[in-house]
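Reader: Can you walk me through this protein? Keep it simple, please.
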Amino acid sequence: MRIGELSRRTGVHTHQLRYYEAQGLLEAGRGANGYRDYDESAVLRVRQIRHLLDAGLSSEDIAYLLPCAVGETPELLGCPELLTAMRSRMRRIDDRMEQLARSRAALAVYIDAAERVSDENYPPFDGSGLERARA
């Protein structure tokens, strides 16, 4: 099947499918006309990739895990290298969550302090400094 058909059947944009191919996650043959040609197994492979991306895995992680993937969801065979990689990813997520929780707590302290201070002591605030900081 061509890339447009694979896109339609999986709900994944063609540019994402090309990216998956560039990352070594998806394989396509080439027709005589040079167009990508995917076999039926590509539908399952794309669905596996989407589930693994939804789990927060990087394309590099997924390339490592796909040989152990079985089924659409997918189930992953429990080889030791696979478990090590997934546990490492989970630790990185836990670390990031802890960092975000600390940032959130610090912001809450600043917001609480700012709300307790009378606004009569400060010039009007138009928010433009925050907008410039975001740019």
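Author: Start with a term: a nonpolar core is a set of buried Ala, Val, Leu, Ile, Met, Phe, Trp, Tyr and Cys residues joined through side-chain atoms within 4.5 Å. Buried means under 20% relative accessible area, exposed over 50%, partly exposed in between (1.4 Å probe, protein chains only). This is a predicted model: local features need pLDDT of at least 70, side-chain atom pairs count only at pLDDT 80 or more, and totals for chains, interfaces and linings use all residues. Residues are numbered from 1 along each chain as its sequence is written, and side-chain values use heavy atoms, leaving out hydrogens and water.

Reader: How many residues does the largest nonpolar core have?
Author: It has 21 residues. Leu 6, Leu 17, Tyr 20 and Leu 26 have the most contacts inside it. A contact means heavy atoms within 4.5 Å.

Reader: Which helix gives the largest share of this core?
Author: H3 does, with 5 residues. Helices are DSSP runs of H or I, at least four residues; strands are runs of E, at least two; both are numbered from the N terminus.

Reader: What does Leu 26 touch?
Author: Leaving out residues up to four places away in sequence, Leu 26 touches Leu 6, Leu 17, Tyr 20, Glu 21, Tyr 38, Ala 42, Arg 45 and Val 46.

Reader: New topic. How many helices and strands are there?
Author: The protein has 6 helices and 4 strands. Along the sequence the pattern is α-α-β-β-α-α-β-β-α-α.

Reader: And where is Ile 111?
Author: Ile 111 lies in helix H5, residues 80–116.

Reader: Why does Ile 111 count as partly exposed?
Author: Because its relative accessibility is 48%.
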